[in-house]
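I record each item as I looked it up.

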Amino acid sequence: MTDPTPEYESLTSRLSDKGRDVTQIERELASFAVETPSWGYGDSGTRFGVFPQPGRPRDVFEKIEDAAEVHRLTGAAPAVALHFPWDEVEDYGALRDHLSRLGLRVGAINPNLFEDTDYRLGSLTNPDGGIRSKAIDHLLACVEIAVALGGDAQSLWLADGTNYAGQDDLRARRRRLEDGLSRLYASLPEDHELLLEYKLFEPAFYATDIADWGSAVLLCQRLGPRARVLVDLGHHAQGVNVEQIVALLAHEERLGGFHFNNRKYADDDLIVGSVNPFELFLIFCELVSAGRELPRLTIDQSHNIEPKVEAMVLSVVNLQEAYAKALLVDRDALAAAQEAGDVLAGHEILLDAYKTDVRPLCAAVRARNGAAADPVAELRALGYAERAAATRPSSGESAISGRASR
């Protein structure tokens with residue numbers, strides 16, 4: 001580790017003077033971990049086209065190599081979420097060994113039930129029983145893949161829904177959905193969990209089968225205690241209080257995890273913390289307030305015009321800083337202000353933590369973890385993107401990871 005910087009010493013001195021336990025804060029920050037998504041390293045684009053980048057991974061093994069570089073630089077990205085069939089291989093033992101050699105582990109397994117043309121009217125909710133069976137077979141195969149890779153979670157987003165009133169019976173679709181998910185849940189090993197993601201709309205524009213946290217949590221309650229809700233930051237209407245949803249799900253013990261990203265309007269592919277960093281901070285405030293271990297944290301972004309690995313590194317750094325700020329909140333003072341009904345005092349206590357420049361603290365913790373004090377600067381200085389472009393010549397075929405409007 002490098003010697004402490006003057007900025008670090010000044011910050012920790014001020015925090016200690018305020019009664020903050022800097023050692024405990026650093027301990028919590030040092031254990032922070034987030035999963036990066038395999039699909040975030042491959043080519044992606046918009047509805048209008050795909051934008052190939054030099055050095056793009058040509059297979060899942062090279063995606064994992066990029067993920068390992070993100071973890072090396074940040075010290076906080078030890079797991080890779082995988083997507084099937086995008087990441088399908090013949091030998092899952094070899095894939096597991098590759099993860100292990102690079103100091104990584106598998107994260108959540110994400111089944112794909114939205115690209116096959118058979119699913120244009122739905123997968124688990126499709127009126128055709130044969131197509132529903134096909135979807136369930138894929139889900140069960142993904143459980144087997146998770147076991148083979150040493151994983152412990154299925155993370156499911158469905159594109160199922162309808163575009164027109166009268167297209168299908170909405171209650172029948174719900175019954176089909178409950179039946180299909182029940183079969184998936186029954187197949188899970190006892191130490192595995194099921195994460196259900198919801199989305200307000202897209203690609204279904206009349207009715208989405210899992211459209212909000214309420215419809216998701218009702219499904220989880222029917223399934224069992226290891227079924228929990230996954231919150232994607234980009235899947236809400238403008239102005240929705242996401243941190244309140246987090247608080248409610250935590251209270252009900254149904255908060256399973258996150259897909260972190262940002263969006264300005266109705267999609268979710270921007271770097272987390274790039275649009276609404278205060279919201280991100282408040283979400284972490286709720287997670288810290290819950291007083292439990294953090295749930296599964298996953299980045300869900302497909303970077304279209306920015307360099308892939310650099311964007312992922314910056315995303316992890318933004319998450320580290322939001323978490324660090326949440327750890328600085330004076331909980332005793334906040335509780336006293338809330339009990340006294342002192343509206344602005346409580347607000348100012350949060351702002352005091354949010355406005356603190358925690359970059360020196362995060363840099364010091366990363367360095368102690370053997371990572372980079374300034375991950376983005378080190379990534380650029382080492383020329384990782386240039387080396388990848390030189391060693392991964394284009395095969396002439398698309399390495400599209402899928403458009404992550406998930």
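The entries below go from the pocket to the core, then to a strand, the cavities and the backbone.

**Entry 1. Model.** I note at the outset that this is a predicted model.

**Entry 2. Largest pocket.** I looked up the volume of the largest pocket and found about 970 Å³ of space. Its lining comprises 40 residues, and those closest to the centre are Arg 292, Glu 293, Leu 294, Pro 295 and Tyr 323. I then sorted the lining by class and recorded 19 nonpolar, seven polar and 14 charged residues. Several elements supply at least two lining residues each, among them helix 2 (22-30), strand 5 (105-111), helix 8 (242-251) and strand 11 (255-260). Helix 9 (277-289), strand 12 (296-299) and helix 10 (308-327) are also included.

**Entry 3. Nonpolar core.** I next examined the largest nonpolar core, which has 104 residues. Helix 10 gives the most to this core, with 11 residues. In general, nonpolar side chains of soluble globular proteins tend to be buried together. Which residues have the most contacts inside the core? I found Phe 258 and Phe 284. For Phe 258 I listed the contacts beyond four places in sequence; they include Leu 230, Val 231, Leu 233, Val 246, Ile 283 and Leu 287. Pro 295, Arg 296, Leu 297 and Thr 298 are likewise in contact with Phe 258. Pro 295 was already noted among the residues closest to the centre of the largest pocket.

**Entry 4. Strand 5.** I asked how many residues of strand 5 are buried. Six of its seven residues are, so strand 5 is largely enclosed by the rest of the structure. Strand 5 pairs with strand 4 (residues 79-84) in the parallel sense, over five bridges. Within this part of the record I noted that Asn 110 of strand 5 is the bridge partner of His 83.

**Entry 5. Cavities.** A search of the whole structure returned two cavities of 30 Å³ or more.

**Entry 6. Cis peptide bonds.** I recorded a cis peptide bond joining Phe 84 and Pro 85, with omega of about 20 degrees. Pro 85 lies in the loop between strand 4 and helix 4 (92-101). The peptide bond from Glu 202 to Pro 203 is also cis, with omega near 5 degrees. Pro 203 is in the loop between strand 8 (193-197) and strand 9 (207-208).

**Entry 7. Positive phi.** Glu 202 has a positive phi of about 80 degrees although it is not a glycine. Glu 253, another residue other than glycine, has a positive phi near 55 degrees; Glu 253 lies in the loop between helix 8 and strand 11. Are these residues buried or exposed? Glu 202 counts as buried because its relative accessibility is 10%, under the 20% cut-off. Glu 253 is exposed, with a relative accessible area of 56%.

Note on methods:
Residues numbered from 1 in each chain as written. Predicted model: local features only at pLDDT ≥ 70, side-chain atom pairs only at ≥ 80, totals over all residues. Heavy atoms only, no water. 1 Å grid on protein atoms, 1.4 Å probe; cavity = no way out; pocket = protein on both sides within 12 Å on 5 of 7 lines; lining within 4 Å. Points joined across faces, edges and corners; volume = space filled by probe spheres on them. Helix = DSSP H or I, 4+ residues; strand = E, 2+ residues; numbered from the N terminus. Nonpolar A, V, L, I, M, F, W, Y, C, P; charged D, E, K, R; others polar. Core = buried A, V, L, I, M, F, W, Y, C linked by side-chain atoms within 4.5 Å. Buried < 20%, exposed > 50% of the residue type's maximum accessible area, 1.4 Å probe, protein only. Contact = heavy atoms within 4.5 Å. Pairing = 2+ DSSP bridges.
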